Amino acid sequence: MKSEGRADAKSCQDLAEHMLSLALGAGADGAEVLVRDGAELRVKVRLGEPELVEEAGHRGLGLRVLKDERVAVTYTSDFDARAMRAFAEASLDLCRLAEPDPFAALPNREDMARTFPELDLWDESVLSIDVAFALGWTKAGEAAARAHDRRVTNSDGASLSRAVGASGFASSAGFSGSYRGSHVSFVVEPVCDDAEGKKRNGYHYTAGRFVSSLLAAEAVGVEAARRTVAKLGARKVATCQVPAVFSPEAGRSLLAQFAGVISGGAVWRKSTYLAEREGSRVASPLVTIVDDPLLPRAPGSRPFDGEGLAVRPNVVVSEGVLRTFLCDVYAARKLGRTSTASAGRRVGGGPHVTTSNFILRPGKSSVAQVRDVPRGLYVTDLMGFGFNPVTGDFSQGVVGFWIENGERAFPVSEVTISANFDDLWQGIDAIADDLDTRASVQCPTFRVARVTVAGL
Amino acid sequence: MQTDSISEFSPTPLDAIDARVAERLLSAALASGGGHADLFFEYHSGCDVAFEEGRVRTVGRGIVLGLGVRVLAGDATGYAYTEELSEARMLEAAHTAGQIASSGGAWAPVAIAARTLPSFYPVPELSLSRPGEDKVALLRRADAAARAYDPHVVRVEAGFVEGVAEVLVVSSDGVMARDRQPMVRLAVSAVAEAGGKRQSGRSGTAKRRGLDLFAEAGATPEHHGREAARMAIAMFDAVDAPAGPMEVVLAPGESGILLHEAVGHGLEADFNRKQTSNYSGQMGQKVASELCTVVDDATLMHARGSINVDDEGCVAGRNLLIDKGVLVGYIQDRISARHFGVRPTGNGRRESFRHHPLPRMTNTLLCAGQDAPEDIIASVSRGVYAKRFAGGQVNISNGDFVFALTESYLIEDGKLGAPLRGVNLIGNGPEVLRRVTMVGHDFDLSDGTWTCGKSGQSVPVGIGTPTVKIAQITVGGTRTP
């Protein structure tokens, strides 16, 4: 590869194939190689002035080698011919330190992807976003936020990031493939002064693989200002048990935690409360969750998985019943089944179970209907790490609004919500139709019948 | 260029970088003007071993090499990096970073002199130079200790991670600093099963040491194996945590996470320069109980958060942040120090050459007080004793913070009672620190594996505190009064 940062899929694939042959030549029984090459630009403006312009290309190679059922995982960014040969040999050498693991093996040849679906993940026009264009965009977005409401007294700035990347993957199980993708995101973060020296911050963002899918900079700025100003005067509420309505942003983080407890890796490690629950009810009948890597233009789509398997949509939860755990080849073998083609792969680590586009299917209710409770908490942000996947104990800080008779009454902060995660998912009694598709974990607004709110 | 602290280091690709190369790159970076530029070269070599189900499951190894170039033009930062240290690629990165500047004359080269650094983490022998079998042996011992602790322990995972970063910073004001930053980390997690229920526990340590660390009492693999198992078993008796405001006693050591969240982040000078922190404009004012003296100390021998030099080439130190309740200092990097007209405090840190520096904590500590820890617990009629933590988060703008307890106990009538299920505490930084009513004489530095995240960058940090009583903080349990 001549130069880094050009997101050239073919040269990534060529390099992966070359390293694969070096690894096999060095004596590996089996090997997989991932090569990533990409470039990023990030521009941030604050109070109308440039604060940061960051631009770089990067590339790296990750290798997994197997020898006598022993596994080593290595990575490098040195593509010098001699260094690559030495790297292959050193990686093989490292296998000796591992111990034989009968479950460690590459996928079966017949399961490998043969055809690659066209997923429309690349937008050439992303590359046309240069520093000048990004400065214009960010200035416009931030200015719109500050102009929208005089209570916006300060700013954490507006940032635009664009990234392009290519992946090439080659496996001795009979696979060689590559793809490339683009991504752009834009965020505005206003700040307001509140009583007692407190500030209130908020944000709004737009993101997608195509420049044309982004909201206008001004629209993002105005919405960010609206959301931030709405937090002024936030206060605690008395400790109570009430329904909780989760915005798509807050619900997304619950859904991401759910992805962790249906991961095959957590199941064979017995580190999820759902380990024995496949086939049983794990959520309200309103809940259907799918993991779909094949959605055109979606942020989490991929034409093959991290081990080269042909991908497919997996229905994880259907009307509240847990249909399947998501597995890579290793987890599947440990659990005596076949992979759901859910392996992810990074340059710096071996395959592991990941979600692609992990989606809580939207319901038929309007957001107003979901929010229509006599009193309750509308949660817009979650804070902290209070989730134990082994027991399902869940307790996190929240920011949001108090609901009275279906309407936002006043902003709330410095309270926690707690519940057992199982009760929380079983307790969902309304799901709205407003699916948020900006990120790879996608959620609509939903309501949980009862949580404990700890405050005053 | 070599300093005493790295004299035993083996040759690396950074050896090819001398003052002449640096001068050419800095000239290129500042060709369009700009007030300051720096070069950050990094060579990181790391290895990891994962042990589970009684065997070494995988072994990993990786090397990362690169250069980050930063140009400052006023308060604006231009940044670029390259993973290829050919002169052409390095010059390209320098030009890219320099685009931020559009005014001012070109740089007049200054004499570049190597800065002599302190040595807070001399390591007699790097763990990377020890045979892999030594590391596997540590993991085997941890695994055996966890399983031997109790027959209900059904799963043990033990991991060893080691790395050495060699960094070389050269700045346009003529400073050149080279440091070698080692780290070893051992972590054990255990799952126990009884009566159809499962519980988990974890324990670990990370320090700037060699393998000799694991021979010390309190750092042995057996200690961490047993501790992970003990936590898992102890949690079988856990009861639902209460919900609402209560008295809380923080155990010494890792409760320092409260300091890190409640004041540490809010005192980072970038937020205060931009007036986006709830501590902005409060210099010289009382922001905590007079029992509270808080320092950020990069000079603790071998501690996870210690650094000889920051990633901008400034020598790190021990910095007083809060003196008997009064705010006296911010955590500064170069940009903020210039804004406030103070000396940089040596807190300009970054995750790697791919990242620009930010004001970051090193080891953040609450200093010891006068009270006996047993008196502190005895003074509580009904409250929570917080012992182990999963992590925390703070909202800089308003000071609200949470931290997750993984092991805590009810206190009733001055005595420790039943263990509580996992729960969060939530409070507001200045409010909680004003409610500190007792501080123990039993200061302890946590030896845990703490990593701090900010703006997408992770850096290793240390935390420490004595036993502390907070008169009132909200406990986020499920049991309403």
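Visitor: Which residue stands opposite Thr74(A) in S2(B)?

Guide: Arg61(B) in S2(B) stands opposite Thr74(A). Before going on, note that this is a predicted model: local features need pLDDT of at least 70, side-chain atom pairs count only at pLDDT 80 or more, and totals for chains, interfaces and linings use all residues. Residues are numbered from 1 along each chain as its sequence is written, while chains are lettered from A and ligands numbered from 1 in the order in which they are written.

Visitor: How many bridges join S3(A) to S2(B)?

Guide: First, the terms: strands are DSSP runs (E, at least two residues), numbered from the N terminus, and two of them pair if DSSP finds at least two bridges between them. Here four bridges join S3(A) to S2(B), residues 55-73 of chain B, and these strands run parallel.

Visitor: How many residues of chain A are in contact with chain B?

Guide: A contact means that C-beta atoms, placed from the backbone, lie within 7 Å. By that rule, 62 residues of chain A meet 64 residues of chain B. On the chain A side, S2(A) gives the largest share, 10 residues.

Visitor: And which strands pair with S17(A) inside chain A?

Guide: S16(A) (393-404) pairs with S17(A) (407-420) in the antiparallel sense over 11 bridges. Within this pair, Ile403(A) has Arg408(A) as its bridge partner. The two strands form a hairpin with two residues between them, and Asn405(A) in the turn has a positive phi of about 50°. S17(A) is also joined by three bridges to S20(A) (446-454), again antiparallel; there Ile417(A) stands opposite Val453(A).

Key
Two residues are in contact if their C-beta atoms, placed from the backbone, lie within 7 Å.
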